[in-house]
Every structure is written in C-alpha cells, then in structure tokens.
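Here is a short report for a reader meeting this structure for the first time. Please look over the sequence and the model before reading on.

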Amino acid sequence: MKKVEVYILSGFLGAGKTSLLQNILRHEKDNNRKVAVIMNELGEISIDSDAVPGETPLKELLNGCVCCTIQGQLEVQLDNMLREYDLDAIYIETTGVAHPIEVLDSCLSPLFAEKLDVRAIITIIDAKRWQDRSSLSIQLRKLLIEQVQHADVLLLNKVDSLTEGEKAAVVSEIQAINQDGKLVMTEFANVSLSIVQPEARLEKKKHEEAHVHNHLNLRTYVHTFSNPVHLESFEEFLRGMPDSIYRIKGYIRFTDTKESFLFQYSYGMPLYMKEPLKRTQTLVFIGEKLDRTYLKEELDRLELR
C-alpha cells in the first residue's frame, strides 16, 4: 500500500499561505496528481476555502486551532480523507498562530503509521513582518521564531519589499535560527514543487508550547453586513485600525458599485479583488486581545452612514 504524502503549510498571519497553496495546487494539477486539502481557520466560518478549486477534496476545521483545541478533529478528517479518496498528497494549511510541530504530532498518530508519509513542514515568512517583529508581543515573537526553527523548507516571501542589504540581513537572521532548513526567497509565494517537496523530512526538534489558546490572547471576530457600505467610510475605519489586529479577510460590497470584492488586510495593507460570484458580505478579523464590542459598533455604524 502506497503512503500518502503530507505537507504542513505554516506561517504567521498574512504571510501568504493561501497564495502558496494555490500555486502548489496548480503545479500538482499540471502533474496529474490527486491531492486534497485540510484547512484550519480560527473563526466560525472559512474565507480561504474559496481559494481551493472545486474538484480538489477539501476538509475544513473551524473555530479553533488545529494544534490544540481541535487536534482530535484533524485526526478524524485525515482518516476520512484516506477512506474517501485515492490520494497522492494532502496539504494541511494551518492557522497563522498554529505551532507546526503540534500539527505534525497529529499526523504521526499510530493510526496513520502505514498510511501517511509526512514529507515537510513548509513555513512561509512575511519579509517585512519579520523585520518588524519586535512590535509583536513576546509570545507572538516566540511563535514566529518557533515556526521558523522547526521548518524543513523556509520561504521568505514578499522580498520585493526589501533592499539587497535588508535581504542579506534577514537571510542571516533566519539561517542563524534554522541552519538545516532549505531557505528560498519568493515573491507572491511563487515556488516550484521541487522546492517544497524534499526527499526526506528533518528530524523533529524539541519545542516550547506557544499557541493561540494557552498563551497568545489571539481572538477572532466575524461580522456580516446586511447592506453595502461607503468605500470612503470603510477606509477611514481601516486607518484607525489598532496595530493589534493582524489580519482581516472576507467579502464586501460598496455603495458605488454592484460588484463584490474579496478583501484582505495584512500588516496594515488593504487589498481589494473583484469577486465574480455573489458572496455573503462577511469579514473575519484576527487579532491580539481583540475588542469585539468596538468592532461591532464601528462596523454597524458604517451601514448607517
């Protein structure tokens, strides 16, 4: 019986995991391989799952971190995947606050000893976020470093935002933390399969526990609009966004157009992409010590303007 390859996609909020997954799935399709995806979201609904092509088997783990509170559910979904599909590989996209080693532990359950072959932990790093990591809390800085330390493949993403000198400094810092992992610089998380699919995994290292529920104070807030909002008012709201909110993603409509937009916000930068399909106007916020009452009041106010 052939073993199914497993790849764990790790990285902090907004680093580019979903873009990486999309690029990988395109390459896998070109190679006619049968692959599936397990996607973990901290919130009650999934936004990133829309990025997975409809023909790709997908399991979602919502409202919890796969490395702790819903670790058992990951094992169940892996088992379901193996029973339902004849696969070559499974890609697990973790939340931005998951510890990759604890996700790995679920994949190494005795239940899957003869069924799964965990090939790599792939950590994608936002180059600018790494440079400014001192602005994060001690716990989040520790998590960011642990995500780097335990990776088999390190993708330094968004390097187009760095000077040559800055690139050299960041590469030196990362290699000092993880001397064994393969480090590649990328833009838009674009990378070949040969990079993310090493022949053998590095030996698992010891790690400190640092995940969302025990230490990080990260929370989510889900907001659904009943009506379109004014773009200018929405952008004014974004300008007042606390630094403690790291990620916003979802769908939104504005009063001056009939089109819907896929909206993403990471590291203070908003991104709007036209969405051809009608979607529920829902935004998911991820942040540290997130004030749900404040967000609800502000977002409700946008619909009244």
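## The protein as a whole

This is a predicted model. The protein has 305 residues, and 52% of them count as buried. It holds ten helices and twelve strands.

Now take the contacts with a separation of 6 or more: residues 24 or more positions apart account for 75% of them.

## A sheet of seven strands

Seven strands form an open sheet, and the pairing is parallel. Their order is S3-S2-S4-S1-S5-S6-S7. Strand S3 (58-61) and S7 are the edge strands, each pairing on one side only. From one strand to the next, the twist averages 20°.

Within the sheet, strand S1 (residues 4-10) runs parallel to strand S4 (residues 89-93). Five bridges join S1 and S4. Leu9 stands opposite Glu93 in S4.

How many of the five residues of strand S6 are buried? Five of the five are, so S6 (residues 153-157) is largely enclosed by the rest of the structure. In a regular strand, side chains alternate between the two faces of the sheet. In S6, Val153, Leu155 and Asn157 point one way. Leu154 and Leu156 point the other way. The residues on both sides are buried.

S6 has a parallel partner in strand S5 (residues 116-126), over five bridges. Here Ile122 stands opposite Val153 in S6. S6 also runs parallel to strand S7 (residues 182-185), joined by four bridges. Here Leu155 stands opposite Val184 in S7. From S6 the chain crosses through helix H6 (residues 164-177) to S7, and this β-α-β crossover is right-handed. H6 lies across S5, S6 and S7. It runs at about 160° to S7.

## Thr123, a buried residue in S5

Thr123 has its place in strand S5. Is Thr123 buried or exposed? It is buried: its relative accessible area is 1%, and the cut-off for buried is under 20%.

Which residues does Thr123 touch, not counting those up to four places away in sequence? They are Ser10, Gly11, Gln147, Val148, Ala151, Val153, Leu154 and Leu155. Val153, Leu154 and Leu155 belong to S6. A polar atom of the Thr123 side chain lies 2.7 Å from the backbone oxygen of Gln147.

## Gln281, a buried residue in a loop

Gln281 is found in the loop between strand S11 (269-275) and strand S12 (282-288). Gln281 is buried too, with a relative accessible area of 7%.

## In brief

The sheet has seven strands paired in parallel. S6, with five of its five residues buried, is largely enclosed. Thr123 in S5 and Gln281 in a loop are both buried.

Definitions and conventions:
Residues are numbered from 1 along each chain as its sequence is written. This is a predicted model: local features need pLDDT of at least 70, side-chain atom pairs count only at pLDDT 80 or more; totals for chains, interfaces and linings use all residues. Side-chain values use heavy atoms; hydrogens and water are left out. Buried means under 20% relative accessible area, exposed over 50%, partly exposed in between (1.4 Å probe, protein chains only). Helices (H or I, at least four residues) and strands (E, at least two) are DSSP runs, numbered from the N terminus. Two strands pair if DSSP finds at least two bridges between them. A crossover is right-handed if, with the strands pointing away from the viewer, the path from the first strand over the helix to the second runs clockwise. Contact means heavy atoms within 4.5 Å. Axes are lines fitted to C-alpha atoms, for helices over the stretch in contact, and angles run from 0 to 180 degrees between N-to-C directions. A polar contact is a pair of N or O atoms within 3.5 Å; within protein, one must be able to donate a hydrogen and the other to accept it, and residues adjacent in sequence count only if both atoms are side-chain atoms.
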